[in-house]
Amino acid sequence: MAILDVFLLEALINGVLLGGVLALLSLGLNLVFGVIDVVWICYAELIMFGMYGMYFLYTVYHWPLLVAAAVCIVGVGLLGVLLHVLVIAPLLGAAPINQLLATGGVLFFLQSAATVMFSIEFRNLGLRLPVLKLAGMFISYSRLLAFAAALIGMVLVYLFLARTYTGAAIRAIAQDRQIMVLMGVDARRIYLITSALGGGLAGLAACLLVLQYDVHPFVGLSFGPITFLICVLGGLGNFGGGFVAAFVFAELISLGGLYLDLEWGYVFAFVFFIVMMFVRPAGLLARRS
Amino acid sequence: MLELRSVRAGYGGFQALFDVSLEVRHGEAVGVIGPNGAGKTTLLRVISGLIRPTSGSIAMEGVDLVATPPHRIVAVGIAHVPESRRLFPRMTVEDNLKMGGFLPSARAKYQDRLAFVYELFPRLRERRRQLAGTMSGGEQQMCAIGRALMSDPKLLLLDEPSAGLAPVIVEQLFDLVKRIRAGGLNVLIVEQNVRQVLRVVDRAYLLKAGSIRAAGPASELLASETIREAYLGV
């Protein structure tokens, strides 16, 4: 029996493709946490609004797909800024539990608002992308596209963080908040830029997820929790750790789905998470300090 | 150039500075000496805007620093090397220097400033790709001073630069402070290492329990009976 049969290979590839999208999802959340030290519990609900944006612009108003995507990325980026200005900024000095409760409140607000505005009907883009048949494997084109776009998005964020002054300030502020003033950095401005970036990443994720999944007001529940688990597994605020954890999770889900049912994949992933919390509580790539 | 008048400051209910008046004139290096907990660090923090005074005035070349938002104070020409260096430990040496040159005015002369800092501290050039937190204490102190110099300041605030360093390194460090001074930069330096600091500064203030107890030319303070007894142990 071949060690790498075709089904196993297909599951592995699908795992990598899923991992790319999960890595993108966790990057936005990690960025916001690392810089502002606040967890956007409502992160997946921002994505949900982005998915509705794609649905309305593309399917209802017939905008070109790429234009609709660009508008959604910018739009959700603005939602991120709004979330920061209206909810996070007034609570920056408050106890962490209050910040969690506030963004948790925004989660229910956004879910209810979506229910009122869009009803609970499941909707999709109505876009049928072909399935690639390669050496006996079936790989969906929309997953490949999502993977490629997620990768490009992450590379762009990486270049921004590595090459620009603002990017350096974003990395620096996560390491020493108080002395940023001595560098001439206005922390409030960096927070706004980070919120826009986190929102923009949620917007990009929305464009990619809506290619594969129906959108409804509670769709955030199907990938919000897993995004948090990935961030925690990788070590909250640790970008590299989140990246690795996303692929580990995706492979567990994909391989678990191959040998048993899809749901078992998630069970494995969560059991793995719980075990890892005992073994490496500070995250997969925890720094020794 | 820098003038503090009756500055009071503290943390919460605790007052650390009581009516401190102090001056740094053009071309001067000034030292502030005093025991632990005298308020020396607070004094520098209140100048660079890390904390705000509760009363009194601080002016730098006619600019009212109390009315200036903290992140704009660097742009006035004041660079602060904070206590225990406070580098960004998981960033490279060069990224740390880049952060020191964050101001738009400093970005334009980034290459010049970088060359200047590397000439002053050749060791930093060797280590430019190394994570700052993995260097020795002396190298980290060089990096912290280099980072402050990246903004092309007129006044450099040094907080206990010799703390935790080996005596040989301290010697080198004060030589460097002399060289930086010779380049025309004003320095306000806070130190517990009284003997060393009085050798590099023109004037010094003695700060004790939050107020200035003595002031004068470094040579006078070195000769003063009270200072010799209390701080030099001779």
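Helices and strands are DSSP runs, numbered from the N terminus. In this predicted model, Glu61(B) falls in the loop between strand S4 (55–60) and strand S5 (63–64) of chain B. Glu61(B) is not a glycine, yet its phi is positive, at about 45 degrees. Its relative accessible area is 36%, so Glu61(B) is partly exposed.

A positive phi is also found at Ser84(B), again a residue other than glycine, with a value near 50 degrees. Ser84(B) sits in the loop between strand S6 (78–81) and helix H3 (93–100) of chain B. Its relative accessibility is 57%, and Ser84(B) therefore counts as exposed.

Ser151(B) occupies the loop between helix H7 (137–149) and strand S7 (155–159) of chain B. Ser151(B) is buried, because its relative accessible area of 8% is under 20%. A polar atom of its side chain lies 3.1 Å from the backbone oxygen of Ala148(B).

Salt bridges were examined next. Side chains of opposite charge can pair when their charged atoms come close. The structure holds 17 salt bridges over all chains. One of them joins the side chains of Arg128(B) and Glu94(B), at 3.8 Å from N to O. Arg128(B) lies in the loop between helix H6 (122–126) and H7 of chain B, and Glu94(B) in helix H3 of chain B, so the pair ties together parts that are 34 residues apart in sequence. Arg128(B) is partly exposed, at 31% relative accessibility. Glu94(B) is buried, at 17%.

Arg113(B) and Asp152(B) form another salt bridge, with 3.2 Å between the closest N and O atoms. This pair links distant parts of the chain: Arg113(B) belongs to helix H5 (residues 110–120) of chain B and Asp152(B) to the loop between H7 and S7 of chain B, 39 residues apart. Arg113(B) is buried, with a relative accessible area of 12%. Asp152(B) is partly exposed, with 31%.

A salt bridge also connects the side chains of Arg123(B) and Glu126(B), at 3.8 Å from N to O. These two residues are 3 apart in helix H6 of chain B, and are therefore separated by about one helical turn. Arg123(B) is partly exposed, at 37% relative accessibility. Glu126(B) is exposed, at 61%. Elsewhere, Glu23(B), Arg25(B), Glu28(B) and Arg203(B) are joined into one network by salt bridges that share partners.

The surface was then considered for patches. Positive charge gathers in a surface patch made of Lys178(B), Arg195(B), Arg199(B) and Arg228(B). Of these residues, Arg199(B) lies in helix H9 (residues 194–200) of chain B.

Chain A carries a nonpolar surface patch of about 1,000 Å², made by Tyr259(A), Leu260(A), Trp264(A), Val267(A), Phe268(A), Val271(A), Ile274(A), Val275(A), Phe278(A) and Val279(A). Helix H10 (residues 262–279) of chain A gives the largest share of the patch, 8 residues. Val275(A) lies in helix H10 of chain A. At 44% relative accessibility, Val275(A) counts as partly exposed.

Ile226(A) is located in helix H8 (residues 220–234) of chain A. Its relative accessibility is 5%, so Ile226(A) counts as buried. Ile226(A) and Arg143(A) are 83 residues apart along the chain, and their C-alpha atoms are separated by 18 Å.

How values were computed:
Residues are numbered from 1 along each chain as its sequence is written. Chains are lettered from A and ligands numbered from 1 in the order in which they are written. This is a predicted model: local features need pLDDT of at least 70, side-chain atom pairs count only at pLDDT 80 or more; totals for chains, interfaces and linings use all residues. Side-chain values use heavy atoms; hydrogens and water are left out. Patches are made of residues with over 30% relative accessible area and no salt bridge: like charges are joined within 9 Å, nonpolar side chains (Val, Leu, Ile, Met, Phe, Trp, Tyr) within 5 Å. Accessible areas come from the Shrake-Rupley method with a 1.4 Å probe; for residues, only the protein chains shown count as cover. A salt bridge is a side-chain nitrogen of Lys or Arg within 4 Å of a carboxyl oxygen of Asp or Glu. Lys and Arg count as positive and Asp and Glu as negative; His and the chain ends are not counted. The place of a charge is taken as NZ of Lys, CZ of Arg, CG of Asp or CD of Glu. Helices (H or I, at least four residues) and strands (E, at least two) are DSSP runs, numbered from the N terminus. Buried means under 20% relative accessible area, exposed over 50%, partly exposed in between (1.4 Å probe, protein chains only). A polar contact is a pair of N or O atoms within 3.5 Å; within protein, one must be able to donate a hydrogen and the other to accept it, and residues adjacent in sequence count only if both atoms are side-chain atoms.
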